[in-house]
Amino acid sequence: MLLRRLPVPPIVLSLMLAALLAGCGKKPSPARVTPPAEPPHCLAAIEAAGARTVAWQMSTSGACGVSSPVVASTARFAMKPPLKTSCLMLAAWMSFEPEVEALALRHLGQRVVALRHYGSHACRTMTGNGNRRSLHASARALDIAGFELADGSVVLVKRDWRSRGPEGRFLRAVAKAACQRFSVVLTPESDRFHHDHIHVDLGPWKLCST
Ligand SMILES: [Zn+2]
């Protein structure tokens, strides 16, 4: 009935609807940004900041090469499991940890003792886009699964993201804060591939999907 009264062909209506949905904010388009460069003396700087790392024999060239590879057992928080990543990513994570800690104290009244993660380095293309190489290929990304707190409790993205309680508020606040420090932040709000983790990366695109 509605279509019959409108002097607009259905194909134009479809295009208008598509344009409206694209601009609704649910799936914002990424903008090009200059990716951050590795800080000078990165390995020495993260050790001085308290990271405990061991050597990781990883090629620094090739399609999935990592610049300044490190395995961190501890940054400010313990890494569970030990995190194979780039010095750049670890340095960025370490500078974000005090903010995570402050949010945990505010929302949960607890200090954070460990980061649970699903990894940083993986030689693969993007989930949902097989044509583009993932930032995980160069270890410039990190998948946050959750956090262990000082009282022994655990907050998990998979279980607590949609919670209306303090755990959910904490996780959503962490994702929002991450948008100020990382290029891309993807969450369970983004797509089905991120139902159980928060993806952060240091790539050439800016996108905050929280
Ligand atoms: Zn990821």
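What spacing do the donors of the zinc ion follow along the chain? In this predicted model, the donors are spaced as H-x6-D-x55-H. The residues concerned are His 136, Asp 143 and His 199, which coordinate the zinc ion at 2.0 to 2.1 Å. His 136 contributes NE2, Asp 143 contributes OD, and His 199 contributes ND1. Both His 136 and Asp 143 are buried.

Three disulfides were found in a search of the whole structure. With the bonded cysteines of the chain numbered in sequence order, the pairing reads 1-3, 2-4, 5-6.

One of the three disulfides is formed by Cys 42 and Cys 87, with an S to S distance of 2.1 Å. This pair connects distant parts of the chain, since Cys 42 belongs to helix α3 (residues 42-48) and Cys 87 to helix α4 (residues 87-108), and the two cysteines are 45 residues apart. The torsion about the S-S bond of Cys 42 and Cys 87 is about -100°, and the disulfide is therefore left-handed. Cys 42 and Cys 87 are both buried.

A disulfide is also present between Cys 64 and Cys 123, whose sulfur atoms lie 1.9 Å apart. Cys 64 is located in the loop between β2 (52-54) and β3 (69-74), and Cys 123 in the loop between β5 (112-117) and β6 (125-126), so the pair ties together parts that are 59 residues apart in sequence. The S-S torsion for Cys 64 and Cys 123 is about 75°, which makes the disulfide right-handed. Cys 64 has a relative accessibility of 9% and so counts as buried. Cys 123, by contrast, has a relative accessibility of 53% and so counts as exposed, the cut-off for exposed being over 50%.

The disulfide between Cys 179 and Cys 208 has its sulfur atoms 2.0 Å apart. Cys 179 lies in the loop between α6 (166-178) and β10 (184-186), whereas Cys 208 is part of strand β12 (residues 205-209); the pair therefore ties together parts that are 29 residues apart in sequence. A torsion of about 80° about the S-S bond of Cys 179 and Cys 208 means that this disulfide is right-handed. The relative accessible area of Cys 179 is 6%, so this residue is buried. For Cys 208 the relative accessible area is 35%, and this residue is therefore partly exposed.

Methods. Residues numbered from 1 in each chain as written. Predicted model: local features only at pLDDT ≥ 70, side-chain atom pairs only at ≥ 80, totals over all residues. Heavy atoms only, no water. Donors = N, O, S within 2.8 Å, 3.2 Å for Na, K, Ca; no water. Buried < 20%, exposed > 50% of the residue type's maximum accessible area, 1.4 Å probe, protein only. Disulfide = S-S within 2.5 Å. Helix = DSSP H or I, 4+ residues; strand = E, 2+ residues; numbered from the N terminus.
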